[in-house]
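Work through the exercises below with the sequence and the 3D structure at hand. Try each task before reading its solution.

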Amino acid sequence: MNKNELLKIAREARELSYSPYSHFAVGAALECTDGSIYQGANIENASYPLAMCAERNAVYNAMMDGKTKDDFVALAIVADTERPCSPCGACRQVLSELYPEDAPIYLGNLEGDVKETTIAELLPFAFDGEDL
């Protein structure tokens, strides 16, 4: 699948967002080696820290279906932002452990702007299990 198709699926996932407090809907799409796609959308809660981001929902959804880091090929994230939407710090930390270091992450917005990056670029010197 090409990045534009994956970004389109992330944009569709965004429609499933539950964001009545921030009104900031985010969608994500995670492609796996077998061609399966896992979507995620942010889900908020009145107790803000209990919210879950789109990209973590997509990764966790895939893992609940038996996928592992070795199955992940590409991740797309889309939101209504001026520049391509970037993951929050919590998502960067989760992706640093559960997503391949050099696999592409496509950051997008509704205007069609795209930035391609990796989790290694987004979170250099990540804290991991070896630091425990």
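The model is predicted.

**Exercise 1. Which residues of helix 2 are buried, and what do they pack against?**

Step 1. A residue counts as buried under 20% relative accessible area. In helix 2, this picks out Ala54, Glu55, Arg56, Ala58, Val59 and Ala62.

Step 2. Look for what the buried residues of helix 2 touch. They pack against strand 1, strand 2, strand 3 and helix 3 (89-98).

Step 3. Look at the residue just after helix 2. Gly66 has a positive phi there, of about 95 degrees.

**Exercise 2. Where do the buried residues of helix 1 lie around its axis, and what covers them?**

Step 1. List the buried residues of helix 1: Leu6, Leu7, Ile9, Ala10, Ala13 and Arg14.

Step 2. Find the arc. These residues cover only 160 degrees around the axis, so they sit on the same side of helix 1.

Step 3. Turn to the face of helix 1 that points away from the buried side. The exposed residues Asn4 and Lys8 are found there.

Step 4. Identify the cover. The buried residues of helix 1 are covered by elements including strand 1, strand 2, strand 3, strand 4 (105-109) and strand 5 (114-117).

Step 5. Check the start of helix 1. A side-chain oxygen of Asn2 comes to within 2.9 Å of the backbone nitrogen of Asn4.

**Exercise 3. What span should helix 1 have, at 1.5 Å a residue?**

Step 1. Helix 1 has twelve residues. The expected span is 1.5 Å times one less than the number of residues, and for helix 1 this should come to 16 Å.

Step 2. Compare with the model. The end C-alpha atoms of helix 1 are 16 Å apart, which agrees.

**Exercise 4. How many salt bridges are there, and how is each pair placed?**

Step 1. The cut-off is 4 Å between the nitrogen and the oxygen, and the count comes to three salt bridges.

Step 2. Take Lys8 and Glu12, whose closest N and O atoms are 2.8 Å apart. The two residues are four apart in helix 1 (residues 3-14), so about one helical turn separates them. Lys8 is exposed at 51% relative accessibility, while Glu12 is partly exposed at 39%.

Step 3. Take Arg14 and Glu15, whose side chains meet at 3.8 Å, N to O. Arg14 is buried, at 15%, whereas Glu15 is exposed, at 60%.

Step 4. Take Asp34 and Lys67, with 2.7 Å between their closest N and O atoms. Asp34 is in the loop between strand 1 (26-32) and strand 2 (37-41), and Lys67 is in the loop between helix 2 (54-64) and strand 3 (72-79), so this pair ties together parts that are 33 residues apart in sequence. Asp34 is exposed at 51% relative accessibility, but Lys67 is buried at 15%.

**Exercise 5. How many disulfides does the structure hold?**

Step 1. Set the cut-off: two cysteine sulfur atoms must be within 2.5 Å.

Step 2. Cys85 is buried, with a relative accessible area of 7%.

Step 3. The structure holds zero disulfides.

Terms used: Residues numbered from 1 in each chain as written. Predicted model: local features only at pLDDT ≥ 70, side-chain atom pairs only at ≥ 80, totals over all residues. Heavy atoms only, no water. Buried < 20%, exposed > 50% of the residue type's maximum accessible area, 1.4 Å probe, protein only. Arc of directions from axis to C-beta. Contact = heavy atoms within 4.5 Å. Polar contact = N/O pair within 3.5 Å; in protein donor to acceptor, adjacent residues only side chain to side chain.
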